[in-house]
Amino acid sequence: LHGVARAGLATVFPQAIGLAAAWDVDLMYQVAVATSDEGRAKHHAAVRNGSPVAYTGLTFWSPNINIFRDPRWGRGHETYGEDPYLTARLGVAFIKGIQGDDPKYLKASACAKHYAVHSGPEYNRFTFDAQVSQKDIRETYLPAFRAAVVEGKVENVMGAYNRLNGIPCCANEWLLGDVLRQEWGFEGHVVSDCGAIQLLHTTHGWTKTAEESVARAVQAGCDLNCGETYLYLRDAVAQGLVSEADLDRALRRVFRVRFRLGLFDPDEMVPFASIPESVVDCAAHRALARKAAQESIVLLKNNGILPLDQKKQKSLMIYGPTAARADVLLGNYYGLNPRLVTPLEGILGKLSPATSAVYWGGCNLTGQARKEYEVSLSYGRASDVLIVVMGLAPEMEGEAGDANTAEGPDRRNLELPASQEAFLRELHTTGKPIVLVLTGGSAMAVSWAQEHVDAILWIGYPGEEGGNALADVLFGDVSPAGKLPITFYKSTDDLPPFENYAMKGRTYRYFEGEPLYPFGYGLSYTQFAYRNLRLPTTLKAGEAAQLAVEVQNVGQRASDEVVQVYLTA
């Protein structure tokens with residue numbers, strides 16, 4: 001998702017939702033190139049050492065291009081947000097960076113997942129039947145997958161756990177056959193999500209036996225099973241449920257990707273086999289991780305307190321339960337790195353020796369609010385500025401089996417946990433300026449903070465250089481230019497039922513209320529002037545439209561700007 005995962009040392013880039021907040025297609029491509037370079041180097045090192053094990057292979061099950069339709073979904077931070085078009089652009093860039101541009105060989109095999117209509121809840125993903133109209137399927141849930149296949153030429157597509165309008169996705173002939181292969185011309189292979197084939201009979205009750213499940217899946221076009229259920233294929237053939245010709249078709253597709261990866265050719269024939277191990281965690285990749293983290297930060301509020309002046313900063317108080325946690329840099333499906341820079345470390349690294357700085361966690365991540373605030377508040381009263389780092393951590397949102405709060409892998413509500421909200425309000429009583437830094441991979445309803453604190457930034461799960469990137473923005477070395485890839489709502493009450501997959505009332509495209517921060521929102525330290533918009537007044541069906549606008553930085557600081565254009569029929 002954001003660097004080679006679960007294979008030891010790697011460059012850890014911002015989690016996918018943070019990369020999406022950069023709204024930078026070229027940056028996404030660069031991150032994917034770096035990731036596939038490191039993956040290739042680690043693969044060949046493992047082969048040379050005689051120890052190729054799990055997670056040193058060349059089929060990368062990424063990107064996750066499901067639509068983040070509801071901010072309560074625990075895995076939403078693996079995605080590129082709620083918009084089909086932004087997701088498609090970033091997904092195509094990622095796929096091309098992973099797979100390379102050699103005419104014969106793939107650098108690695110990318111995988112568009114989870115196909116399709118899959119975005120929580122996690123607790124019932126093995127039994128859920130997503131009932132969705134063709135309009136929502138075609139306008140929201142499928143466009144990014146179509147782009148991955150038609151434009152990105154993705155080699156691999158992973159079927160989802162759930163049913164779609166009654167039929168399990170991994171045995172859905174309409175999804176895997178009619179749409180994927182006939183409409184879109186997909187030539188790669190389809191893999192099931194892990195354990196999904198056995199669910200056809202064990203939890204969905206769609207088939208009665210394992211033999212029937214494997215037969216229906218292969219016939220529909222699922223070529224590879226993550227799991228053990230395809231061991232029943234021999235019996236399914238013997239029972240006449242599936243033909244050897246069906247198996248041959250799946251085998252051809254699976255062997256095709258192995259040939260394209262060069263797994264049967266000597267290294268000297270495969271251009272990517274010469275990528276050296278020294279590329280892993282190299283200086284250039286670390287610099288790219290810092291750049292990506294800088295671009296991913298979204299400034300949500302600023303009453304003028306930011307950027308902080310290093311020279312004038314005499315005393316600083318750093319609070320919050322996620323300020324010193326390394327896991328808030330990582331998100332999920334992450335690699336390991338010996339130099340993980342937490343928000344606390346990044347901020348301290350910017351300060352001069354003459355600046356007084358104190359850190360105090362101050363409150364629990366979840367649960368009840370602490371009562372022993374007074375010592376903590378006394379430090380705050382003696383400081384010029386309070387930087388408060390709080391929000392979400394990977395234990396609070398993730399895949400089923402990963403997150404471990406009482407609420408489970410999904411979130412039940414969007415508000416800050418009671419312990420954090422209470423502490424933030426206590427800090428406000430000091431009367432000192434507060435800069436709130438929000439960690440986490442999904443929207444938070446921080447309406448009280450928006451009204452009462454001086455500045456708010458959202459940093460997602462920003463990767464190994466996250467602390468340094470945050471400090472770069474706080475102290476003005478970099479002007480924030482990130483834009484939200486999701487809607488921040490004012491309240492959980494603004495959302496339709498989580499289990500309802502209809503798009504009505506969801507995301508910026510269909511939400512009828514007033515958001516706290518809209519999709520595409522993000523402030524800057526400078527100002528931009530837009531002028532001379534030029535676009536056609538009429539357009540024929542199928543005709544390309546050219547739009548032009550002049551954008552000028554009319555402020556006092558250098559900065560990026562994301563020019564956003566919205567079209568509606």
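How does the lining of the second largest pocket divide by class into nonpolar, polar and charged residues? In this lining, 20 residues are nonpolar, ten are polar and six are charged; Ala, Val, Leu, Ile, Met, Phe, Trp, Tyr, Cys and Pro are counted as nonpolar, Asp, Glu, Lys and Arg as charged, and the others, Gly among them, as polar. The structure is a predicted model, in which local features require a pLDDT of at least 70 and side-chain atom pairs count only at pLDDT 80 or more, while totals for chains, interfaces and linings use all residues. Residues are numbered from 1 along each chain as its sequence is written, and side-chain values use heavy atoms, with hydrogens and water left out.

Pockets were defined on a 1 Å grid over the protein atoms alone, as open sets of points where a 1.4 Å probe fits, with protein on both sides within 12 Å along at least five of seven lines; lining residues have an atom within 4 Å of a point. Grid points are joined across faces, edges and corners, and a volume is the space filled by probe spheres set on the points. The second largest pocket has a volume of about 900 Å³. It is lined by 36 residues, and Tyr55, Gly57, Thr59, Phe60 and Trp61 are the closest to its centre. Helices (H or I, at least four residues) and strands (E, at least two) are DSSP runs, numbered from the N terminus. At least two lining residues of the second largest pocket are supplied by each of α2 (25-48), α3, β1 (111-115), β3 (156-159), β6 (189-192) and α10 (244-260). The most, three residues, come from α10.

The largest pocket holds about 1,300 Å³ of space. Its lining comprises 38 residues, and those nearest the centre are Tyr85, Val565, Tyr566, Leu567 and Thr568. Two or more lining residues are given by α3 (84-99), α4 (134-141), α5 (143-150) and α17 (507-510), with α3 contributing the largest share, six residues. By class, the lining of the largest pocket contains 24 nonpolar, five polar and nine charged residues.

β1, β3 and β6 make an open sheet of three strands in the order β1-β3-β6, with parallel pairing; two strands are taken to pair if DSSP finds at least two bridges between them. Because β1 and β6 stand at the edges with a single partner strand each, one side of each is left without a neighbour in the sheet. From one strand to the next, the twist averages 25°; angles run from 0 to 180 degrees between N-to-C directions, and axes are lines fitted to C-alpha atoms, for helices over the stretch in contact. Three bridges connect β1 and β3 in the parallel sense, and Ala112 has Val157 in β3 as its bridge partner. Strand β1 also contains His114, and the peptide bond from Lys113 to His114 is cis, with omega near -5°. In the loop between α5 and β3 lies Lys153, which has a positive phi of about 55° although it is not a glycine.

A further open sheet has six strands in the order β7-β12-β11-β10-β8-β9, with mixed pairing. Its edge strands, β7 (298-302) and β9 (356-360), each pair on one side only. The twist of this sheet averages 15° from one strand to the next. Strand β8 (residues 315-319) runs parallel to β9 and is joined to it by five bridges, with Ser315 opposite Ser356 in β9. Helix α13 (residues 374-381) packs on the sheet, where it touches β8, β9 and β10 (385-391), and its direction makes about 145° with that of β8; contact means heavy atoms within 4.5 Å. Helix α14 (residues 418-428) lies across β8, β10 and β11 (434-439) and runs at about 170° to β10. In the loop between β7 and β8 is Pro307, joined to Leu306 by a cis peptide bond with omega about 0°.

The structure holds one disulfide, the term denoting a pair of cysteine sulfur atoms within 2.5 Å. Cys194 and Cys226 form this link, with an S to S distance of 2.2 Å. The link of Cys194 and Cys226 is right-handed, with 80° about the S-S bond.
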